[in-house]
Amino acid sequence: MFTKLAFALGPVVLLAACAAPIQVGTGIPTALAPLEQDIHSHARPNEARVTHVALDLATDFTAKTLAGTATLTVARAPGATELVLDARDLTILGATDAGGDALQYALGASDPIMGAPLTVQLPTRGDRISIRYRTSPGASALQWLSPAQTAGKRQPYLFSQGQAILTRTWIPTQDSPGIRQTYEARITVPAALRAVMSAEQLTPDGEPAAAGRTFRFRMNEAIPPYLIAIAVGDIAFREIGPRTGVYAEPSVVDSAAREFADVERMVGVAESIYGPYRWGRYDILVLPPSFPFGGMENPRLTFATPTILAGDRSLVSLIAHELAHSWSGNLVTNATWSDFWLNEGFTTYFENRIMEAMYGRDIAVMLQALERTELDAEIAGFGADTAETILHLRLAGRDPDDGMTQIAYNKGSSFLRMLELAVGRERFDQYLRSYFDRHAFQPMTTARFLADMRANLLGGSDARYRELQVDRWVYGTGLPSNMPVARSDRFARVEAQARAFAQGAVPTSLVTTGWITQEWQHFLGSLPDTMTTAQMAALDQQFGFTRTGNSEILFAWLRKAIASRYQPAMSALETFLTTQGRRKFLVPLYGDLMKAEWGRPVARRIYATARPLYHPVSTGSLDGLLR
Ligand code: BES
Ligand code: ZN
């Protein structure tokens with residue numbers, strides 16, 4: 001009778017589960033709290049849901065595969081019979097229950113973006129399913145580097161990049177940001193290498209194993225699967241402060257530790273704004289130069305490009321950004337990729353607040369102005385009335401990667417800044433702090449955030465909500481009329497110098513003393529689109545742009561050099577394109593070359609040699625461009 005009733009009341013039981021107690025500290029509900037449908041996952045988490053992943057994997061650098069088992073702990077709704085996982089380019093070798101008995105499974109048809117559903121029969125005994133599998137050498141989440149592609153040139157290297165929907169190419173799990181999972185791992189690697197993960201290290205130096213060394217990890221906080229991350233290589237460590245440090249190849253680690261000397265203080269500054277840092281340590285892994293992103297907020301261990309090692313700490317706002325994700329993104333997570341701006345817009349706003357608290361208002365405002373320039377360029381490219389400029393993304397049938405534009409980042413951060421200006425900083429901070437606390441370790445949708453904000457920030461006032469044009473900001477195209485404007489006096493002076501130069505002043509007469517990286521970036525951005533060879537040469541002679549070791553300044557200069565077909569910078573351009581693989585630098589530079597008749601053969605020639613050095617994430621964006 002009781003069982004029957006429970007079945008008949010299935011939906012009621014599910015609803016009641018909303019109020020189910022949360023296991024303290026893990027965020028895993030004891031029953032299945034309903035989740036919204038994620039169009040980029042095959043999972044049916046309201047029926048059966050992965051709550052914990054235990055990996056036991058070995059690296060094979062010759063075959064370029066990870067192989068072993070993923071043991072999944074599963075919570076199920078009454079009556080559920082199967083678990084649906086996401087899998088892409090995985091070879092599945094078997095599925096068993098906790099006792100080792102075989103479970104039936106089926107791999108469905110694979111979609112080029114989503115991959116395949118892997119359906120496994122739920123065990124009658126226990127709540128665990130072990131999947132034996134192997135990754136493919138072409139797994140999009142993994143880049144296997146030859147020794148030649150590393151700084152040390154002697155050992156190979158492996159790293160993963162899970163966001164947005166790539167974790168399914170190395171772990172068979174429910175790969176949706178709303179389905180939070182704790183994890184543990186045993187990773188066996190060649191004896192000379194070290195493994196690090198986005199988790200607590202149980203064996204920092206590893207333990208001897210039959211075939212090399214084994215490293216064990218544990219992540220006790222429930223995280224979205226895109227944050228499970230690994231790197232294996234000749235990796236050294238330097239402490240920055242009591243809870244911060246840097247991992248990098250031995251020849252890079254000291255300069256990285258110097259570059260990031262402020263990071264211990266930065267964690268404290270972030271905490272003073274939005275409350276305690278909840279992840280224990282904050283370390284940074286500096287990757288080899290092919291890392292396709294600037295940074296990735298893997299919990300406890302931010303992954304970062306070496307192109308921010310400028311030597312003068314001038315590009316640390318990227319670390320402020322990844323650290324900020326420890327609240328926006330990792331604590332409160334976009335429920336689906338359409339809600340991506342909840343991760344990146346909040347984080348870009350918070351990044352700027354951290355920079356202001358660390359280095360002062362002048363710098364924060366300059367960074368805002370640079371973001372505005374990038375945003376305007378992006379909107380101009382899309383067209384101000386196009387759907388691409390809407391914050392809440394429409395991604396049906398599309399790769400979530402397509403939504404990774406300046407809109408989520410900079411229109412998103414501007415929306416929050418507008419709210420801050422409207423209600424005052426103190427109120428806004430109080431609200432955001434309580435928002436992070438009340439929704440910690442949970443997914444968030446755009447609609448739920450807006451409802452929360454209306455109730456808890458705007459006092460439930462519809463009039464206020466309309467007056468602030470909230471729906472226009474989030475669901476409308478372009479930039480609303482209450483878009484905040486960053487006014488930087490220092491940038492105004494920079495613009496005056498750029499204007500003077502454009503009107504014929506010689507570079508030696510320009511007043512540039514004391515300029516920091518962001519002023520140089522803005523100067524380059526304020527120059528005419530194209531210049532004569534004589535103008536370019538005069539600037540280069542005076543300021544040494546072609547030889548700069550600052551990747552952002554070099555990038556801005558090289559764009560000018562392509563636009564002006566400035567030959568003396570071409571070999572520096574080729575070096576830049578062949579020695580780092582950051583997509584944000586590669587796509588515009590190759591794109592600029594492809595726009596010019598003379599540039600197309602140059603782009604194709606460089607790409608032919610450089611492509612093997614790039615990560616699948618970067619080649620995925622470049623292949624189409626260079627066709
Ligand atoms: N989480 C992103 C990187 C990302 C987004 C990877 C979407 C895959 C899909 C990360 O926090 C980020 O935004 N990185 C930026 C740097 C930042 C300072 C704007 C980057 O890599 O350029
Ligand atoms: Zn980010």
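Start by selecting ligand 1 and the 15 residues around it, of which Gln163, Gly294, Glu297, Glu322 and Tyr409 come nearest; a residue is near a molecule if one of its heavy atoms lies within 4 Å of it. This is a predicted model, in which local features need pLDDT of at least 70 and side-chain atom pairs count only at pLDDT 80 or more, while totals for chains, interfaces and linings use all residues. Residues are numbered from 1 along each chain as its sequence is written, chains are lettered from A and ligands numbered from 1 in the order in which they are written, and side-chain values use heavy atoms, with hydrogens and water left out.

**Polar contacts of the ligand**

A polar contact here is a pair of N or O atoms within 3.5 Å. Glu297 places a polar side-chain atom 2.6 Å from a nitrogen atom of ligand 1. For Glu322, a polar side-chain atom is 2.7 Å from an oxygen atom of the ligand. In Tyr409, an N or O atom of the side chain lies 2.7 Å from an oxygen atom of ligand 1. Ligand 1 exposes 520 Å² when taken alone, and the protein buries 88% of that (accessible areas by the Shrake-Rupley method with a 1.4 Å probe).

**The shell by element**

Now colour strand 19 (295-296), helix 5 (317-324) and helix 6 (340-359), the elements that give two or more residues to the shell around ligand 1. Helices (H or I, at least four residues) and strands (E, at least two) are DSSP runs, numbered from the N terminus. Helix 5 gives the most, with three residues. By class, the shell has six nonpolar, six polar and three charged residues; Ala, Val, Leu, Ile, Met, Phe, Trp, Tyr, Cys and Pro count as nonpolar, Asp, Glu, Lys and Arg as charged, and the others, Gly among them, as polar.

**A helix pair**

Move to helix 18 (residues 583-595) and helix 19 (residues 599-610), and select the residues that meet: Tyr590, Leu593, Met594 and Lys595 in helix 18, with Gly599, Arg600, Ala603, Arg604, Ile606, Tyr607 and Ala610 in helix 19. Contact means heavy atoms within 4.5 Å. These contact residues divide into seven nonpolar, one polar and three charged.

**Two loops**

Finish with the backbone. The peptide bond from Gln163 to Ala164 is cis, with omega near 0°; Ala164 sits in the loop between strand 9 (157-160) and strand 10 (181-189). Then select Lys64, in the loop between strand 1 (48-60) and strand 2 (65-76). Its phi is near 55°, a positive value in a residue other than glycine.

Methods: Polar contact = N/O pair within 3.5 Å; in protein donor to acceptor, adjacent residues only side chain to side chain. Axes fitted to C-alpha atoms, helices over the stretch in contact; angles between N-to-C directions.
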